[in-house]
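Here is a short report for a reader new to this structure. Look at the sequence and the model, then read on.

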Amino acid sequence: MAVTKTVAPEKINFAVSQGITLLGENRVQEYLSKKDSYDKNAEVHMIGHLQTNKVKYIINDVSLIQSVDSFKLAAEINRLAEKNSRSMDVLLEVNIGDEASKSGTDKGSVIELASQMQELGSVRIRGLMAIPPIGADEKVFAEMNELYMKLKEAKLPNVSADILSMGMSGDYQLAIKHGSTLVRIGTKLFGARNYMEV
Ligand SMILES: *Cc1c(COP(=O)(O)O)cnc(C)c1O
């Protein structure tokens, strides 16, 4: 996946023309201002922290929401998916490093959240997402993979766990070594971000 935050649409479309088929968006506001310029061949996932009151702006534009970390958010996605006669694929975001500054459900609650979400008929859990702490020990990646396996083994009806979204520019090799099926790359594709542009 190419992570597009702060990147101009022309650059993003160039990446799409070179074979990138999946884009990752962080901020609803920024996405809304850019999405009409995007090449329609690219699929978009929401990967950034999502507030419940913003789901309505993206429900018909993204194919998957990677940042589900509460039942409340999942229920709102379900409500709006139903209303729009669609279903939504999601990943559960896990705060694998137990960092106070990061969103994500804590690792001990993942299966419980997935079980709770079984009543949401228009949401399908496709797997897990994590942002390991910068410089995290390899065992954090291994632990994330174990959690993903545990979700698979739980065999919950609304879960088809086939995506482990883990790995960014600085740690994608380690993530792949530990079972990642989807790496989210920004800097290594587009160069350093200039936050002043946003
Ligand atoms: C920015 C971001 C990335 C990409 O980070 P890079 O280090 O630039 O590759 C991946 N995932 C999320 C959730 C991000 O916010």
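## The pocket

Ala, Val, Leu, Ile, Met, Phe, Trp, Tyr, Cys and Pro count as nonpolar; Asp, Glu, Lys and Arg count as charged; the others, Gly among them, count as polar. By that scheme, the lining of the largest pocket splits into 11 nonpolar, 10 polar and 6 charged residues.

The model is predicted. Its largest pocket has a volume of about 560 Å³. The lining holds 27 residues. Nearest the pocket centre lie Lys5, Lys102, Ile131, Met168 and Arg184.

## Serine 169

Serine 169 sits in a loop, between strand 7 (159-165) and helix 7 (172-177). Is serine 169 buried or exposed? Its relative accessibility is 12%, so serine 169 counts as buried; the cut-off for buried is under 20%.

Leaving aside residues up to four places away in sequence, serine 169 touches Arg184, Ile185, Gly186, Thr187 and Lys188. Its side chain reaches the backbone nitrogen of lysine 188 at 3.0 Å. The side chain of serine 169 also reaches the backbone nitrogen of threonine 187, at 3.4 Å.

## Helix 4

Helix 4 covers residues 71-83, 13 residues in total. From first C-alpha to last, helix 4 reaches 18 Å, close to the 18 Å expected. Just after helix 4, serine 85 takes a positive phi of about 50°.

Which residues of helix 4 are buried? They are Leu73, Ala74, Glu76, Ile77, Asn78, Leu80 and Ala81. An α-helix has 3.6 residues a turn, so residues three or four places apart point the same way. The buried residues of helix 4 pack against helix 3 (55-58), strand 4 (64-68), strand 5 (88-94) and strand 6 (123-130).

Conventions:
Residues numbered from 1 in each chain as written. Predicted model: local features only at pLDDT ≥ 70, side-chain atom pairs only at ≥ 80, totals over all residues. Heavy atoms only, no water. Helix = DSSP H or I, 4+ residues; strand = E, 2+ residues; numbered from the N terminus. Buried < 20%, exposed > 50% of the residue type's maximum accessible area, 1.4 Å probe, protein only. Polar contact = N/O pair within 3.5 Å; in protein donor to acceptor, adjacent residues only side chain to side chain. Contact = heavy atoms within 4.5 Å. 1 Å grid on protein atoms, 1.4 Å probe; cavity = no way out; pocket = protein on both sides within 12 Å on 5 of 7 lines; lining within 4 Å. Points joined across faces, edges and corners; volume = space filled by probe spheres on them. Expected span 1.5 Å × (residues − 1).
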